[in-house]
Amino acid sequence: MDPLIITVAPVGAELAPDQTPHLAVTPQALGSVARKVRDAGASMIHVHCRNDDGSNTHDVARFKAAYEEIRARSDLIVQFSTGGAIGMTPTERAAPLALEPEMATLTCGSVNFGDDIFENSFPIMRGILSEMKRYGVRPELEIFDKGHLSNAYRLQREGLLDFPQHVDFVLGVPGGLDASVANLADLVGALPPGCSWSVAGIGRAQLPMATVAIAMGGHVRVGLEDNIYYSKGRLATNEELVARVARIAQELGRPIATPQQAREALRLAPVAGVVGEDFITP
Ligand code: KMH
Ligand code: ZN
């Protein structure tokens, strides 16, 4: 099977600093996480940023500092969030794309999000996609519900998106599609030919979804954005969550992708100044 791409989502926007001591608040802390998860087997990092007080920000200068810290300490594929946090404007959410990260997320539709609504109307999606095109940023399609795939096909018909793409199924958000093997298999079966996919199971669904994806030939996203526990009542670090996925993959005979291998699999251009490293066995 293809080498496993492990994406880490270490920060997110919903986590409060008093929920875990392991939230990377500063760009320096994010750089340190990048190094540790790289050593544990990650090949991509999904980036949200916080202010020093832990509040959410999509400030371009803060993203630039985070990007530089990650790049200085690792060869990970850097993927910015364009989802941001509930309440951010679409313009705010898209602003860091000007830094030309290799990838960024594109959530393919609105979804209930706990008691809130994560708003991704067609005008919002078109606007974010056009900024991605402008800055040469590759999207990762975030699918929280099956209708989001239909929305992606509509964007394709409008000529704004071409396939194949890399797709991330975010399953188990309260308000989105449940994290079940049947739902995951259904979504994978509905993908256009040639798409690669990963799954991000929320909360306690993270580990079973990751394990199933490894066996199915998909890829995996883990990290504190989606789940803060290693086991019931025991808080996790990002590197522990990555290392566990890498160990399970090794037991199942699935090799782990280095960032360079992941770039090749995702057809991303090599990044000037980024030197590939060998995978370090956890
Ligand atoms: N924080 C959520 C509202 C993304 O990063 O693109 C949106 C989110 C998705 O996390
Ligand atoms: Zn995110």
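A polar contact is a pair of N or O atoms within 3.5 Å. With that in hand, let's work through two exercises on this predicted model.

**Exercise 1.** Find which protein atoms make polar contacts with ligand 1, and how much of the ligand the protein covers.

*Solution.* 
- Step 1: Begin with the surroundings. There are 14 residues around ligand 1, and Glu-14, Ser-81, Gly-84, Thr-105 and Glu-225 come nearest.
- Step 2: Sort that shell by class, which gives 4 nonpolar, 8 polar and 2 charged residues.
- Step 3: Take the nitrogen atoms of the ligand. A polar backbone atom of Gly-84 lies 2.8 Å from a nitrogen atom of ligand 1, and a polar atom in the side chain of Glu-14 is 2.9 Å from a nitrogen atom of the ligand.
- Step 4: Turn to oxygen. Here an N or O atom of the His-48 side chain sits 3.0 Å from an oxygen atom of ligand 1.
- Step 5: Now the cover. On its own, ligand 1 has 310 Å² of accessible area, and the protein covers 97% of it.

**Exercise 2.** Identify the protein donors of the zinc ion (ligand 2), then decide whether His-46 and His-48 are buried or exposed.

*Solution.* 
- Step 1: List the donors. They are His-46 (NE2), His-48 (NE2) and Glu-225 (OE), at 2.1 to 2.2 Å from the zinc ion.
- Step 2: Read their spacing in sequence, H-x1-H-x176-E.
- Step 3: Apply the cut-off for buried, under 20% relative accessible area. His-46 has 2% relative accessibility, so it counts as buried. His-48 has 5%, so this residue counts as buried too.

Methods: Residues are numbered from 1 along each chain as its sequence is written. Chains are lettered from A and ligands numbered from 1 in the order in which they are written. This is a predicted model: local features need pLDDT of at least 70, side-chain atom pairs count only at pLDDT 80 or more; totals for chains, interfaces and linings use all residues. Side-chain values use heavy atoms; hydrogens and water are left out. A residue is near a molecule or strand if one of its heavy atoms lies within 4 Å of it. A polar contact is a pair of N or O atoms within 3.5 Å; within protein, one must be able to donate a hydrogen and the other to accept it, and residues adjacent in sequence count only if both atoms are side-chain atoms. Accessible areas come from the Shrake-Rupley method with a 1.4 Å probe; for residues, only the protein chains shown count as cover. Ala, Val, Leu, Ile, Met, Phe, Trp, Tyr, Cys and Pro count as nonpolar, Asp, Glu, Lys and Arg as charged, and the others, Gly among them, as polar. Donors are N, O and S atoms within 2.8 Å of the metal (3.2 Å for Na, K and Ca); water is not among the atoms, so sites may look incomplete. Buried means under 20% relative accessible area, exposed over 50%, partly exposed in between (1.4 Å probe, protein chains only).
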